[in-house]
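Work through the following exercises with the model open beside you, and try each task before you read its solution.

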Amino acid sequence: MSLSFRRASLASLGLAFGLSALSLSSLMAQETKPAQPDAAAPAAAPVDPNAVVATINGEKLTEADLALAEGELSQQFAQLPPEQRRAAALSAAIEIRVMAKKAVDSGLDKDPDFQRRMAFLQQRALHGEVVEKEVVNKVTDADVRARYDQEIANTPPVNEIHARHILVKTKEEAEAIIKQLDGGADFQKLANEHTSDPSGKSSGGDLGWFGPGQMVPEFDKAAFALEVGKYSKEPVQSQFGWHVIKVEDKRAKQPPAFDDVKDQARQAVIRDKYFAMVKELRGAAKVEIQDEKLKAAVNTLESGK
């Protein structure tokens, strides 16, 4: 079904986590599951991380070094066939090492700007290590399940409806269709004959199930006001034309299954634990910002976290 008047945003379909990086829409959305590995494919032989792959000016480059290069440069190699990525990573690692040696021989490693960048990169890497070891790796399955249960419990019940519609260009056409319905005509048959919605011409105008906010406001308001089995007695106008709507059924929306959203729930737990750690560490740190305007801007920014 490809209704052009269906809202692009499905934010109302989910249970909001209340996070800038995660909303209920992401929980309710159908996720693309990663491709499963071929069961018949043989397992890769274990690799010794200390095995020497190459030497550059007498310095060893090991399997661990090559794996690091492959990981760090994975985006650059993404378009290459898998069998070429290892060779490309090794070539890049050799290039980096010979260029780095030239930089050291030229004294570029003593440059103050370079040393500042190196210090920042080291701090950034250490930041990542703390996040991985002290936050991500310490999130348990029980934490994730508790977060899911909390969000389910805090989400107000939402009803959704199963409806059909007939979309026409003019009010007069819609009124004529309503008159036929009043005379006992079959809604689905009329939809197949008259609707201008391409997806409804062979389905009796079927829209399937939808929740509040998924349709344009005028349609949404009229559809949810109807009782089961009833059709709109007055044409409903939207930016797409004039609608005659029939509600087939109503039900309470079911929450997403835990297994379908556990990855999003885990990310929410990680985010909360990360900001809790940041708050604790920032509170214990002595931070002084000399520029008052900059200080005020930082305070405003961080108050919204």
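A charge sits over a ring if NZ of Lys or CZ of Arg is within 6 Å of the ring centre and within 35 degrees of the ring normal. The model is a predicted one, in which local features need pLDDT of at least 70 and side-chain atom pairs count only at pLDDT 80 or more, whereas totals for chains, interfaces and linings use all residues. Residues are numbered from 1 along each chain as its sequence is written, and side-chain values use heavy atoms, with hydrogens and water left out.

**Exercise 1. Charges over rings**

Task: Find which ring Arg251 lies over, and which ring the charged end of Arg145 sits over.

Solution: Start with Arg251, which lies over the face of Trp209 at 3.8 Å from the ring centre. Then turn to Arg145, whose charged end is placed over the ring of Phe258, 4.6 Å from the centre of that ring.

**Exercise 2. The surroundings of Glu160**

With neighbours within four places in sequence set aside, the residues in contact with Glu160 include Trp209, Phe210, Phe224 and Asp249.

**Exercise 3. The sheet around strand β3**

Task: Work out in which order the four strands form the open sheet, and which strands stand at its edges.

Solution: Two strands pair if DSSP finds at least two bridges between them. The order of the four strands in the open sheet is β4-β3-β6-β5, with antiparallel pairing. Strands β4 and β5 (236–238) stand at the edges; each has a single partner strand, so one side of each is left without a neighbour in the sheet. From one strand to the next, the twist averages 40°.

Within this sheet, β3 (residues 159–168) and β6 (residues 241–252) are joined in the antiparallel sense over 10 bridges, and Asn159 has Ala252 in β6 as its bridge partner.

Helix α7 (residues 187–194) lies across β3 and β6 and runs at about 50° to β3, while α8 lies across β3, β4, β5 and β6 and runs at about 50° to β6.

**Exercise 4. Aromatic pairs**

Task: Find how Phe210 and Phe224 are arranged as an aromatic pair, and which residues form one aromatic cluster.

Solution: Rings of Phe, Tyr and Trp (its six-membered ring) pair if their centres lie within 6.5 Å; planes under 30 degrees apart count as stacked, over 60 as edge-to-face and the rest as tilted. By this rule there are four aromatic pairs. One of them joins Phe210 and Phe224 edge-to-face, at 6.1 Å centre to centre and with 80° between the planes. This pair links distant parts of the chain, 14 residues apart, with Phe210 in strand β4 (residues 206–210) and Phe224 in helix α8 (residues 217–225).

Phe210 counts as buried, at 0% relative accessibility, whereas Phe224, at 22%, counts as partly exposed. For Tyr274 and Phe275, the ring centres are 5.3 Å apart and the planes are at 75°, so this pair is edge-to-face. As for the cluster, Phe210, Phe219 and Phe224 form one together.

Technical notes:
Helices (H or I, at least four residues) and strands (E, at least two) are DSSP runs, numbered from the N terminus. Buried means under 20% relative accessible area, exposed over 50%, partly exposed in between (1.4 Å probe, protein chains only). Axes are lines fitted to C-alpha atoms, for helices over the stretch in contact, and angles run from 0 to 180 degrees between N-to-C directions. Contact means heavy atoms within 4.5 Å.
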